[in-house]
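This briefing sets out the main features of one protein chain for a reader who has its sequence and coordinates at hand. The points are grouped by topic.

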Amino acid sequence: MKIHNGANAFSSERQTVVTIGTFDGVHAGHRKIIERLVNAAEAGNLESVILTFFPHPRMVLQQESDIKLIQTIEERKQILSETGIDHLVVHPFTHQFSRLTALEFVRDILVNKLKARRVIIGYDHRFGRNRTADITNLKEFGEQFGFEVEEITKEEVDQVAVSSTKIRKALQEGRVERANSYLQQPFSLSGTIVKGRGLGKDFNYPTANLHIAEEYKLIPKNGVYVARAEIEGEMYFGMMNIGTNPTVGGEERTIETFFFNLDKDLYGKSLTIEMLVRIRDEKKFDSVDALKNAMKQDEAFSKQYIKDNYAE
């Protein structure tokens, strides 16, 4: 898959079949569209193209909404690279871009830049300045500029019964198993391991403190989770705490993971940690001893869950 930073950077010797969307989460519904895109490209001797946008349009046009995304743009690129498409065009979404008329968007972006011969799009897709144009307008433009429009019907969308909004809601409620089923893979957090307060070591639970640079990345509900990560080619399981550590007077929200059977210095390393299941809410215990007992129970739960679900 070739990644193009903007439509102006795109090049292809062949005409293309294009689909358009933010694709946050790359969930089961998205994958169905992408499969259709790839098949259409093969059947028509075309190149398959996903046109996506960054920042997310709501981050630009509705800044007060403070939308959090399931994936960072780098995570989205990585997952889309595994879907079999030929090209990913990440077009900068700006106020100026949002002012393009429907005609300008179709003519200048889809036709002249992306060489669209076919466009696969949802029945409710809207585009152009103030999102005034719909699929009927797109079909009219198709007749004018010589490309076909393939509509994904409401019935097809409803059959999948999943959306990025549903996944965000599940994660905000701590329901990572539900989110993972929608995503068809574990939700993950990527960042750099930094030094924390070092309290875990005092409890015999030394943790890796994950710093995520992208402020727009959605962090699931505070609590304790079973997690795993690939570290230097080996898979390690552990338990992750998201929260402020209220029992020991913490105030700043942190993401800390205690990996079982791991004896490596992780400081400064980049790590992607997958979240598998939620154990419990974060809570303020009456004493440090009560917290330690809870952590022992968390560890026992985690190891049993791993044994039941991932034992070879």
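**An exposed turn and its surroundings**

Glutamate 232 is exposed, with a relative accessible area of 55%. The model is a predicted one. In this model, glutamate 232 lies in the loop between strand 9 and strand 10, and its phi is near 50 degrees, a positive value in a residue other than glycine. Strand 9 itself, residues 223-231, is largely enclosed by the rest of the structure, because 8 of its 9 residues are buried.

- The chain has 312 residues, of which 47% count as buried.
- Its secondary structure comprises 11 helices and 12 strands.
- Along the principal axes, the C-alpha atoms fill a box of roughly 75 × 45 × 35 Å.
- Of the contacts between residues at least 6 apart in sequence, 74% join residues at least 24 apart.

- A closed barrel is formed by 6 strands in the order 7-8-11-10-9-12, and the pairing is antiparallel. From one strand to the next, the twist averages 45 degrees.
- Strand 9 pairs with strand 10 (residues 234-243) in the antiparallel sense over 9 bridges. Within this pairing, glutamate 230 stands opposite methionine 235 of strand 10.
- The two strands form a hairpin with 2 residues between them, and glutamate 232 is in the turn.
- Strand 9 also pairs with strand 12 (residues 270-280), again in the antiparallel sense, over 6 bridges. In strand 12, valine 277 is the bridge partner of valine 226, and arginine 278 is that of tyrosine 225.

- In soluble globular proteins, nonpolar side chains tend to be buried together.
- The largest nonpolar core has 28 residues, among which Phe259 and Leu271 touch the most other members. At least two residues of this core are supplied by each of helix 8 (164-172), helix 9 (176-183), strand 7 (187-194), strand 8 (208-211), strand 9, strand 10, strand 11 (254-259) and strand 12. The largest share, 4 residues, comes from strand 9.
- Not counting residues up to four places away in sequence, leucine 271 touches Leu189, Ser190, Gly191, Ile193, Leu210, Ala229, Glu230, Ile231, Phe259 and Leu266.
- A second, separate core consists of 27 residues, including Val89, Phe93, Leu114 and Ala116.

- Histidine 91 is in strand 4 (residues 87-92). With a relative accessible area of 10%, histidine 91 is buried, because the cut-off for that class is under 20%.
- Leaving aside neighbours within four places in sequence, histidine 91 is in contact with Gly6, Ala7, Leu51, Thr52, Phe53, Phe54, Phe97 and Ile109.
- Phenylalanine 54, one of these contacts, is joined to proline 55 by a cis peptide bond with omega of about 0 degrees. Proline 55 lies in the loop between strand 3 (47-54) and helix 2 (57-61).

**Aspartate 66**

- Aspartate 66 is in the loop between helix 2 and helix 3 (73-80).
- Although aspartate 66 is not a glycine, it has a positive phi of about 50 degrees.
- Aspartate 66 counts as exposed at 52% relative accessibility, since the exposed class is over 50%.

Terms used: Residues numbered from 1 in each chain as written. Predicted model: local features only at pLDDT ≥ 70, side-chain atom pairs only at ≥ 80, totals over all residues. Heavy atoms only, no water. Buried < 20%, exposed > 50% of the residue type's maximum accessible area, 1.4 Å probe, protein only. Pairing = 2+ DSSP bridges. Axes fitted to C-alpha atoms, helices over the stretch in contact; angles between N-to-C directions. Core = buried A, V, L, I, M, F, W, Y, C linked by side-chain atoms within 4.5 Å. Contact = heavy atoms within 4.5 Å.
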